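Subject: Structure handover

Hello,

Here is the structure for you to look through. My notes on it follow below.

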Amino acid sequence: MTDFSKYFLMINEDDPVTTEKTVIEYTLLKTKGTEKGQIDWDESTMKAAIPSEHGNLNHVCRVTDGKGNSIYIKQAGDTLRISEDMTATLDRNRQESEILQLEEKMAPGMVPHVYFFDTTMSACGMEDCSDYEVMRDAMLKHETFPRFADDISTFMVRTLLLSSDVVMDHRKKKELTRRFITPDLDDITEKLVLMEPYLGAERNNVFEPNREFVEKELYQHDALHLAVSKLKFNFMTNAQALLHGDLHTGSVFIRKDSTKIFDCEFGTFAPMGYDIGNVVANLIFAMDNGIAGGDQAFADWTVQAAADTIDLFIRKYNSLYDEAVTEPMAKVPGFKEYYLESILKDTAGYAGTELHRRTVGMANVVDVTSIKDTRKRLLAERTNIIAGKDFILHQEKFMSGRDYAEAIRRAVAEAEKTL
Ligand code: SR1
Ligand code: MG
């Protein structure tokens with residue numbers, strides 16, 4: 001019998017039998033008969049299983065019983081799943097749990113509920129969302145989600161604006177900045193996203209038939225390097241709002257009638273446009289996959305969803321701003337428009353860096369890497385590279401959903417011409 005008073009990795013994919021026994025003991029300790037009386041488990045029918053899908057960093061296990069109770073246990077390991085050479089603080093689990101709890105207050109119903117978190121085992125118990133699909137997986141089957149743009153824009157405008165200095169008391173925000181500072185995880189973003197796709201790195205994953213194009217278009221482009229260096233310093237120094245920090249479609253649980261955002265361990269205070277740009281870029285990866293599969297209707301839906309996300313964000317920003325602003329200087333006429341314009345410029349810039357880093361950097365996306373046909377994969381990669389450059393080099397031109405839709409279609413046409 002373990003008392004879980006000292007950290008060890010209890011979720012071990014190579015030993016599901018011991019994992020099951022340990023995780024059930026742990027779940028009971030943390031959720032049964034606790035102060036909040038959280039879950040009334042039927043112990044005799046409890047099971048714990050490791051799901052087949054997982055992210056790049058952590059370990060998860062789903063615990064169920066015959067009465068219909070269930071919970072996800074998520075644990076941080078001291079090395080990252082994507083590479084045993086990479087480490088990130090075990091405190092990331094606390095940070096993720098606390099951010100989810102805060103986001104639940106700011107955007108009710110839009111994140112999984114956190115039952116508990118435990119700083120000794122670096123683990124938490126969160127709402128089982130197995131009746132949802134991970135959005136990236138669903139889009140690989142070319143499923144569409146009519147509510148997505150509406151839901152994700154609500155999530156972003158609420159979590160971002162309400163955690164910014166425009167609304168949040170400045171002292172409280174600075175206190176949160178101290179609580180959610182993540183040097184290790186920020187360092188991953190600063191290198192993997194905002195440097196290596198441009199300066200080149202040993203660990204970049206470049207598709208060999210595209211190497212020459214990548215070198216010319218990304219590694220040897222001075223104006224692009226200068227624009228990205230500004231985006232990097234903006235990310236590092238502009239603690240504008242509490243971001244999710246890794247808002248790609250693998251961080252979204254989705255159903256036709258509901259959307260929940262999870263996996264916010266990269267949460268940090270940084271420019272709002274980083275989250276919004278990530279959403280736009282990841283819809284473009286889904287579009288790439290749709291085009292490669294000859295599913296134009298799906299591809300068109302992804303472009304429309306990206307455009308709608310931007311337009312709805314703008315509309316909701318304008319109304320939430322008027323309703324929630326507390327900072328007197330942010331009520332000065334013209335400031336709301338100035339602030340929005342800077343968010344939209346950043347959005348374009350970081351949509352571009354996400355497009356580039358997932359195409360040539362260390363952590364690629366399966367939407368693109370699963371394209372078997374070389375010509376089709378080249379079309380996808382070059383679309384991402386061309387659209388990303390357009391976004392980064394002309395940030396001020398992306399002020400509406402339509403600007404994105406037109407640029408994405410232009411990029412596909414231009415990429416075609418390079419083949
Ligand atoms: C080393 S972790 C690689 C990537 O996976 C995460 O989901 C983040 O996107 C990170 O950049
Ligand atoms: Mg993740």
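How far does a polar side-chain atom of R358 lie from an oxygen atom of ligand 1? The separation is 3.0 Å. A pair of N or O atoms within 3.5 Å is called a polar contact here; within protein, one atom must be able to donate a hydrogen and the other to accept it, and residues adjacent in sequence count only if both atoms are side-chain atoms.

Some ground rules before the rest. This is a predicted model, in which local features need pLDDT of at least 70 and side-chain atom pairs count only at pLDDT 80 or more, while totals for chains, interfaces and linings use all residues. Residues are numbered from 1 along each chain as its sequence is written, chains are lettered from A and ligands numbered from 1 in the order in which they are written, and side-chain values use heavy atoms, with hydrogens and water left out.

The ligand site

R357 also has a polar side-chain atom at 2.9 Å from an oxygen atom of ligand 1. For D246, the corresponding distance from a polar side-chain atom to an oxygen atom of the ligand is 2.6 Å. On its own, ligand 1 exposes 320 Å², and the protein buries 96% of that. Those areas come from the Shrake-Rupley method with a 1.4 Å probe; for residues, only the protein chains shown count as cover.

Ligand 1 is surrounded by 13 residues, and the closest are N56, M86, D246, R357 and R358. A residue is near a molecule if one of its heavy atoms lies within 4 Å of it. By type, the shell divides into eight nonpolar, two polar and three charged residues. In this count Ala, Val, Leu, Ile, Met, Phe, Trp, Tyr, Cys and Pro are nonpolar, Asp, Glu, Lys and Arg are charged, and the others, Gly among them, are polar. Helices α6 (183–193) and α12 (335–360) each supply at least two residues of that shell. Helices (H or I, at least four residues) and strands (E, at least two) are DSSP runs, numbered from the N terminus.

The ligand sits in the largest pocket. A pocket is found on a 1 Å grid over the protein atoms alone, as an open set of points with protein on both sides within 12 Å along at least five of seven lines. A molecule sits in it if more than half of its atoms lie within 2 Å of its grid points.

Positive phi angles

Most residues other than glycine have a negative phi. F4 has a phi near 55°, a positive value, and is found in the segment before α1 (16–31). D263 has a positive phi of about 65° and is placed in the loop between β9 (258–261) and β10 (269–270). Is each of these residues buried or exposed? F4 counts as buried because its relative accessibility is 6%, and D263 is buried at 14%. Buried means under 20% relative accessible area, exposed over 50%, and partly exposed in between (1.4 Å probe, protein chains only).

Other buried residues

L192 belongs to helix α6 and is buried, with a relative accessible area of 6%. Its C-alpha lies 27 Å from that of I291, which is 99 residues away in sequence.

F313 lies in helix α11 (residues 296–324) and is buried at 2%. Between the C-alpha atoms of F313 and I254 there are 19 Å, with the two residues 59 apart along the chain.

V228 is in helix α9 (residues 222–237) and is likewise buried, at 2%.

Q75 lies in strand β3 (residues 70–75) and counts as buried because its relative accessibility is 0%. The C-alpha atoms of Q75 and D165 are separated by 32 Å, at 90 residues apart along the chain.

Regards

How values were computed: 1 Å grid on protein atoms, 1.4 Å probe; cavity = no way out; pocket = protein on both sides within 12 Å on 5 of 7 lines; lining within 4 Å.
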